[in-house]
Amino acid sequence: MHASVRTIVLTGNPLDFAALAKIGSGLYVPMVAEQSFARVDAAHAVIADRLAMGLPVYGANTGVGSMKDRLWTVDDLVEFNAALVKAHHFGTGELFSAAIVRKAIAIRINTALGGHTGCSVELIKAFLDLLERGVVPAVHRHGSIGCADIGLMGQVASVLTGTGEAFFRGELLPASEALSRAGLEPFIMQPRDALASLSVNATAFAAAADVLREAASAVRVAMATGLMSSLSLGASADPWRVAATLSTRGEALVGSWLYGQSNVVDWPLPTAIHDPLSLRMTAQVFGAVVDTLLVAAERLVDATYLSDDNPVVLGGQVHSSGASLPLTTTLYIETAQIAFSHVARNMLNRCILLSNGVRRNLPINLVAPGEVASGLGPLMKLVVELYMRVQSMAVPLSAQSIVVAGGLEEEATFLPLIVERMETQVRDLRQMAAIEALLSAQAIDLLGDKPQGVTQVAYDRVRTLSTIYLKDRPLSKEIEALHREFASEDLLHTLVEMAPMPEFDDFFALGR
């Protein structure tokens with residue numbers, strides 16, 4: 001192990017976002033204390049005893065799926081378990097990041113430490129060896145319907161046996177060569193090890209953890225650009241004070257943050273007796289996404305230690321289980337996706353208010369006085385498209401009806417696909433935030449406002465990359481540069497440090 005690498009101990013207890021981030025970085029290597037293997041050994045003994053008596057154990061000495069009634073002889077078990085892993089290496093598409101794969105392996109280890117999986121201690125140690133020696137399986141994204149990631153985790157399990165591909169020191173290699181360079185031998189799957197290594201949702205959970213943290217980051221930046229546009233539009237801060245006092249958790253958190261930050265700035269006098277809803281209900285819109293993200297993330301943390309195996313060992317007996325369907329976690333993530341569509345609409349409405357010239361005597365399209373220009377109004381076409389992209393990803397998938405494996409598998413969540421759609425939402429929301437900041441900076445310059453606090457930070461980031469808009473000019477490269485800036489960890493860290501929202505920031509390990 002490299003001297004700069006630290007260890008993090010897995011115990012079978014929940015893994016929070018800070019722990020997952022450490023593992024994903026590769027700078028912290030998971031380890032398991034010897035005493036923590038006791039529960040693993042006890043569960044494995046139950047499986048071994050049942051197999052010794054010739055009794056069927058699903059996926060250990062029987063086939064899986066449509067072949068569940070095929071019982072293999074003792075002489076066939078090693079060959080069957082090796083073949084089972086190979087049969088489930090069928091993922092396609094782009095690769096998951098190394099961080100997500102590391103997290104997936106750690107989640108698989110951690111859930112097994114609860115003592116309900118029935119795998120061998122040697123399998124857990126083989127997974128640990130991958131992480132310690134820096135072997136990262138190449139895992140293609142497509143191959144799971146969200147009821148045990150067999151096509152995804154199958155790619156991880158295959159690397160253990162020397163099949164498939166893996167990264168070692170940044171180089172993509174045949175798995176056998178990657179293991180050899182790392183000083184490891186291929187692992188021989190024993191009965192129960194094969195299914196335990198691949199029939200879990202660890203990859204989807206790891207990817208969900210990654211995108212939920214990215215979503216939380218995007219929301220925190222969008223709150224800052226929302227505050228910036230509200231300043232430019234002369235919105236009343238009174239509704240935020242009300243939300244901070246008289247609302248539910250998410251609304252109160254956001255309302256308190258917005259009202260507190262408005263006090264940092266020389267806030268303009270309200271320009272109307274009653275603001276439009278896009279300004280008056282900012283705390284409610286952002287509060288909904290904050291609340292749904294927190295709930296989804298809380299359920300995900302639960303999934304990092306609760307066994308989702310089938311079968312499971314419980315009370316000294318082997319039981320079939322339906323826990324491989326992570327429906328609760330999926331439904332809350334889908335709810336957060338719907339909340340994102342409301343945030344996108346809220347951002348769109350503020351952008352339109354900035355450009356249509358109805359607030360604070362702002363010129364139409366934010367054209368500077370005396371200039372001959374079309375101004376920033378044409379940008380609304382892009383903002384509308386981005387909103388529709390976010391909206392189109394908010395339609396629930398988990399209730400879709402499917403039937404595979406001879407009718408044995410007719411429930412699915414499509415969690416990996418839902419995660420992929422949330423990634424798209426996050427990307428497009430970040431670009432919307434960048435454009436909202438660009439429009440707000442233009443309005444601030446035209447009005448002579450003096451941003452302070454987080455509005456000053458956002459304004460300065462815009463003006464570093466994009467000068468005040470006087471004459472018409474191409475904006476594509478500027479928007480892309482602003483998108484990258486408003487998605488950067490550096491900006492996030494600055495905003496969180498300057499204007500923390502601890503209950504949210506600390507949970508998602510933002511700003512660290």
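A: Happy to. Buried means under 20% relative accessible area, exposed means over 50%, and partly exposed is in between. One caution before we go on: this is a predicted model.

Q: Okay, so where does Cys 147 fall, buried, exposed or partly exposed?
A: Cys 147 counts as partly exposed, because its relative accessibility is 25%.

Q: And Cys 119, buried or exposed?
A: Cys 119 is buried, with a relative accessible area of 1%.

Q: Switching to helices: how do the axes of H5 and H6 cross?
A: The axes of H5 (residues 121–133) and H6 (residues 150–160) come within 10 Å and cross at roughly 90°. The two helices are therefore roughly perpendicular to each other.

Q: Which residues meet there?
A: From H5 you have Leu 123, Ala 126, Phe 127 and Leu 130, and they meet Val 156, Val 159 and Leu 160 of H6. That contact of H5 with H6 is made up of seven nonpolar residues, with no polar and no charged ones.

Q: Nice. What about H4, how far does it reach?
A: Helix H4 covers residues 98–112, 15 residues in total, and reaches 22 Å from its first C-alpha to its last. That is close to the 21 Å expected at 1.5 Å a residue.

Q: How many residues of H4 are buried?
A: Twelve of the 15, so H4 is largely enclosed by the rest of the structure. Among the buried ones are Ile 100, Val 101 and Ala 104, and also Lys 103, Arg 108 and Asn 110.

Q: Last topic, the backbone. Which peptide bond is cis?
A: The one from Asn 310 to Pro 311, with omega near 0°. Pro 311 sits in the loop between helix H13 (282–303) and strand S8 (312–314).

Q: And which residues have a positive phi without being glycine?
A: Arg 360 is one, with phi near 55°; it lies in the loop between helix H14 (327–355) and helix H15 (379–392). Ala 509 also has a positive phi, about 55°, in the segment after helix H20 (502–507).

Q: Is Ala 509 buried or exposed?
A: Ala 509 counts as buried, at 5% relative accessibility.

Terms used. Residues are numbered from 1 along each chain as its sequence is written. This is a predicted model: local features need pLDDT of at least 70, side-chain atom pairs count only at pLDDT 80 or more; totals for chains, interfaces and linings use all residues. Side-chain values use heavy atoms; hydrogens and water are left out. Axes are lines fitted to C-alpha atoms, for helices over the stretch in contact, and angles run from 0 to 180 degrees between N-to-C directions. Helices (H or I, at least four residues) and strands (E, at least two) are DSSP runs, numbered from the N terminus. Angles under 35 degrees count as roughly parallel, over 145 as roughly antiparallel, 65 to 115 as roughly perpendicular and the rest as oblique. Contact means heavy atoms within 4.5 Å. Ala, Val, Leu, Ile, Met, Phe, Trp, Tyr, Cys and Pro count as nonpolar, Asp, Glu, Lys and Arg as charged, and the others, Gly among them, as polar. The expected span of a helix is 1.5 Å times one less than its number of residues. Buried means under 20% relative accessible area, exposed over 50%, partly exposed in between (1.4 Å probe, protein chains only).
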